Amino acid sequence: MTATLAPPVRIGKAAVGALGMLAVATGALESVVTPTLPLLQRELDMSHAEGALLSIVLLITGALVTPVAGKLGDRYGGKRVLIRLMAVVSAGGLVSALAPNLPVLLLGQVLQGAMVGALPLSFIVVRKHLPAGESKVAIGVVSGLFVGGGMAGTLSAGPVAEGLSRHWMFALPTIAVLGATMLVNSLMPHDPPGRSDEAGVDWPGLMLLSGTLVTLMLVLAVAPDIRSQPLVLGALIVALAVFVTGWTAVERRAVSPMVDLRMLARPAMWKSCVLTFVMCVGTSVAVYLVPQLFAVSADEYGFGAGATEIGFYLLPGALAASLAGPISGIGARRFGSRAVVTTGIVLMTAALIALAAVHTEVWHLVIGKAMISLANGLCVTALVTTTATSVDQSDTGIATSLVLVTRVLGYAVGAQIGGALLTAGTPSGSDTPAESAFVTGFVIAGAVTALSLLVGRTMSKGVNA
């Protein structure tokens, strides 16, 4: 029956522009928490561990939604799924804007996490409505605008939160998302659904993985307070073991698993996953600790920076991350993926250890954070490329989903480690953690990253190109 469907309508610059506006708006909404996290912790009376949980919950939701959104977009049409996904994101932005406390804000961030699935859906729409050459240009434009939106959100979140309120910090980009979504709905023609995947979505695997990730985050958040609530921590650990066991069993038996665990037996796969996890742990520790260190009072050992200043200080890191992908691609072609990964590991290790030793000036942190962002981008891009080219073409989606889940785990664990260290290092009756907690965090991240060289050196020569 699909053979009788009319070919998709060719879209013009206005429709691509609407997708670009949506990418800017979602990028801005995604990035507002990082520079304002110290402000949110003060206003909502959060511990550092709770702040770390807030900083990564959107990413966790995104990792779960993205593969499902892609499958549904292929099956029912990219525009149809994209519009519904943006409705969820807009609801999440509204909840975040009105949130009176942390639990409600966390709910809003969970809903906002659906925005991570918007980019692949945009790509589906573009590829169905444009020839190959033009679609590549359009995809590049939309991807670039998403990065640009993230930078705009990083810079604007602080001034809006301090000049108006934290509520408007979420409300303004949400209004932009709503406006851009209506434009996309009116300017973008419907794309025909693709072939139906008989296996469908692995809903049991998705639910169990969701439970695993959420329970893991709760374990790391509660761990610093083990003396006051040991039974809660024990119950969470048992629940985590149950979720992991159930998820592993389901994925091994699923016809079309969300994550094919059997592929981990391949050396190229498990090495890529280990390296991705380690690099993202190191990056996430720094991503969490650096803004916190900026916010520490200048009367102690910090800089007393507000949300506006923190956003400005973080901008070089965002720029470095945006440049890392193209640089990694060029380096992989000329020197091989292993050389790029090794360079990234060495660069990140040096930056983390340097931050542990020297962090008395703003420029120390700005340069250190930029180096870490660049190193992470170099490694992750090279590892994704290595993974995609080391498996059969039919297994590309499964292999990259493994790396995606590993990446999210790394970011989540790293942020929670940073939050746990600061929570444990905060003296009773004080809101400021000891400086040694920051030093310990940077040293741990640097040591773990350095150990990954052992894995990096054994990467198969067969995937160097």
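Accessible areas come from the Shrake-Rupley method with a 1.4 Å probe, and for residues only the protein chains shown count as cover. By that method, the chain has an accessible surface of about 20,100 Å², and 68% of it belongs to carbon and sulfur atoms. This is a predicted model: local features need pLDDT of at least 70, side-chain atom pairs count only at pLDDT 80 or more, and totals for chains, interfaces and linings use all residues. Residues are numbered from 1 along each chain as its sequence is written, and side-chain values use heavy atoms, with hydrogens and water left out.

**The whole chain**

- The chain holds 16 helices and zero strands. Helices (H or I, at least four residues) and strands (E, at least two) are DSSP runs, numbered from the N terminus.
- Of the 465 residues in the chain, 52% are buried. Buried means under 20% relative accessible area, exposed means over 50%, and partly exposed lies in between (1.4 Å probe, protein chains only).
- Take the contacts between residues at least 6 apart in sequence: 81% of them join residues at least 24 apart. A contact means heavy atoms within 4.5 Å.

**Helix α13**

- Helix α13 covers residues 337-357, which is 21 residues. From first C-alpha to last, α13 reaches 30 Å, close to the 30 Å expected at 1.5 Å a residue. The expected span is 1.5 Å times one less than the number of residues.
- The buried residues of α13 include Val340, Val341, Ile345, Met348, Leu352 and Leu355.

- Leu22 sits in helix α1 (residues 13-30). Its relative accessibility is 3%, so Leu22 counts as buried.
- Leaving out residues up to four places away in sequence, Leu22 touches Leu82, Met86, Val177, Ala180, Thr181 and Val184. The C-alpha atoms of Leu22 and Leu183 are 8.8 Å apart, although 161 residues separate the two along the chain.
- Ser96 belongs to helix α4 (residues 78-98). Ser96 counts as buried because its relative accessibility is 0%.
- Again leaving out residues up to four places away in sequence, Ser96 touches Leu105, Gly108, Gln109, Gln112 and Phe170.

**The salt bridge**

- The structure has one salt bridge. The term means a side-chain nitrogen of Lys or Arg within 4 Å of a carboxyl oxygen of Asp or Glu.
- Arg166 pairs with Glu43 in a salt bridge, and their closest N and O atoms are 3.1 Å apart. Arg166 is in helix α8 and Glu43 in helix α2 (residues 33-43), so the pair ties together parts 123 residues apart in sequence.
- Arg166 is buried, at 8% relative accessible area. Glu43 is partly exposed, at 47% relative accessibility.

**On the surface**

- Leu164, Trp168, Leu172 and Ile175 form a nonpolar patch with about 400 Å² of accessible area together. Patches are made of residues with over 30% relative accessible area and no salt bridge: like charges are joined within 9 Å, and nonpolar side chains (Val, Leu, Ile, Met, Phe, Trp, Tyr) within 5 Å.
- Ile175 is part of helix α8 (residues 166-187).

- Most residues other than glycine have a negative phi. Asp45 has a phi near 55°, a positive value in a residue other than glycine.
- Asp45 lies in the loop between α2 and α3 (48-76). Asp45 is exposed, with a relative accessible area of 68%.
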